[in-house]
Amino acid sequence: MKNFRVWYLYSINSFQRTLTNRFITLVFVVSKFIRIAIFLFFLNLLLQGVSSLAGYTREQIIFFYLSFNLIDTGSQFLFRNVYSFRPLIVSGDLDLILLKPINPLIRVLLGGMDIMDGIMLLIILAVVVYFGITSLSVPVFFWLGYFLLIINSIFISAAFHIFVLGFGVVTTSVDHLILIYRDLTSLMRIPVDVYIEPLRSLLTFVIPLGVMYTFPPKFLIGLLSWQLIVLSFILSVVFVLISLVFWSRCLRSYQSASS
Amino acid sequence: MRRYLAVFLIDWQNQFVYRLNFLLWRLRNILRLLMTFFLWKGIYQTGSAVFGFSQPQMFSYILLVLLVQSIILSAPSADNIGGEIGSGDLSNYLVKPISYLKYWFVRDLSSKLLNVICALIEIFLLWLIFRPELVLNFSVSSLIGFLLICLVSVPAYYFLSLLTRFVSFWNPENTWGLSFLIIIFIETLAGSIFPLDILPAWGKLAVQFTPFPYLIYYPAAIFLGKITGFYLLRILLQAFIWMLILFFFARLVWIKGLRVYGAEGK
């Protein structure tokens, strides 16, 4: 409960900080929408040029892309603070966080929720639901499973971000690492099934980005077996646990440089 | 001239200080290339030609994009310009007998040289690993055209990035906003994910009136010999006009910015 209250305070502070410059906030939100719109346009063009993509219809591919944006924006909304972790490490200011009687991950992972992504998230969520209902016509029960798998994806994303933080402690190179993660996730703008083997299996089972981004929409479309659903939840639990162990190991090598 | 040569050499050495950072940056470029490569490889499983592009033509384009990005888009952490204006560190440069804009341009060139060397090695290694069939039917005129458009687009991109960073004169705490918008346009409209030939005629015509296709798509298309003759001359002229426009605005905003600059933070 204490951790939740601290996280709530960090989030309010972060929102207020962002909103001090409404114009820049607007520029960011508009830019992100432009990116989504242009890629949708590209997908549309592409699907006019080829009959189908990995057996998926035009509507299904668009739904995959919208789901990608939902998960991606949700992750950025929650874990934005990871992007500003490096200065804490190189300046030694992480000391000030480690000294506090709260779990340091609350601060470095969740302590900078991004209201710009929050706005985006709400709009994308509305678009996903509207598009899903009008184009895919699936039972309500499937939506429940879809959102459970989305939450599962957020946990996997949390694990990825914790890994980046751990590497950041050891190497001080957070900026490019998090961007490498972002580059990898951008592979998932289209379903993992489009990629050839062995990349497809690598992206599904080794770096579970396929589980994260492709499984929820696949479930909604009715293409995910129950074995893979169970596997995705197990994978997420294992991945989070390993990331937490990794983080605590990495913290031991923190040298408090420059402090 | 000797002063700028010294800046070039110092910056060249500086790039080897944070080696892991540099390696990760190059890794990102390779990953992006692989992403595009596998995306198109997957798409080509459904047909032999997409948008009139055969698979070898598309792979040649993708590899060229990596080279063009290294020549035109690679730059030192240009956020520093915004940061220096915001923190007041710009004053340190203004009192020195050196042009701040030329100083950063020389650093830009130093970064490009290293990135181009790395890109050439990476392209060779990727070609060795994947052995994709390539179509490189370029002529002497296309090679000259490619060099000319690079000569124009390198400063054009520099002026464009300066324009976004000069926002810091008026808004020192937010140096990233406009840059982000430009990055999005470069990502999508410059031709890094897909060649602009896939756009409908009106779309291709419209993007010509933006500076973005001159940064990736046109250099790559010229190198591949897709743009020749009078069309090549027209594109070169358009690229040159864009460079002049961006230079004019960058200089104008710089002068206006210096008038409001108060060296806050110093």
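In this predicted model, helix H7 (residues 140-165) of chain B packs against helix H11 (residues 229-260) of chain B at an angle of about 25°, and their axes are 8 Å apart. Angles under 35 degrees count as roughly parallel, so H7(B) is roughly parallel to H11(B). The crossing of the two helices, H7(B) and H11(B), is left-handed.

Which residues make the contact? On the H7(B) side they include B:Gly145, B:Leu148, B:Val152, B:Ala156 and B:Phe159, while H11(B) brings, among them, B:Leu236, B:Ala239, B:Phe240, B:Met243 and B:Phe247. By class, this contact of H7(B) with H11(B) holds 20 nonpolar, two polar and no charged residues.

Let's turn to the core. The largest nonpolar core has 125 residues, and B:Ala156, B:Ala220 and B:Ala239 are those with the most contacts inside it. Two of these names, B:Ala156 and B:Ala239, also belong to the contact between H7(B) and H11(B). Helix H3 (residues 55-73) of chain B gives the most to this core, with 13 residues. As for B:Ala220, its partners are B:Tyr61, B:Leu64, B:Val65, B:Val68 and B:Gly191, leaving aside residues up to four places away in sequence.

Finally, the chains themselves meet: 32 residues from chain A and 31 residues from chain B take part in the contact. On the side of chain A that touches chain B, helix H2 (22-49) and helix H9 (174-186) each supply at least two residues. H2(A) gives the most to that side, with 11 residues.

| Class | Residues |
|---|---|
| Nonpolar | 21 residues |
| Polar | nine residues |
| Charged | two residues |

How values were computed:
Residues numbered from 1 in each chain as written. Chains lettered and ligands numbered in written order. Predicted model: local features only at pLDDT ≥ 70, side-chain atom pairs only at ≥ 80, totals over all residues. Axes fitted to C-alpha atoms, helices over the stretch in contact; angles between N-to-C directions. Helix = DSSP H or I, 4+ residues; strand = E, 2+ residues; numbered from the N terminus. Parallel < 35°, antiparallel > 145°, perpendicular 65-115°, else oblique. Left-handed = near helix turned anticlockwise from the far one by under 90°. Contact = placed C-beta atoms within 7 Å. Nonpolar A, V, L, I, M, F, W, Y, C, P; charged D, E, K, R; others polar. Core = buried A, V, L, I, M, F, W, Y, C linked by C-beta atoms within 7 Å. Buried ≥ 20, exposed ≤ 12 C-beta atoms within 10 Å, placed from the backbone.
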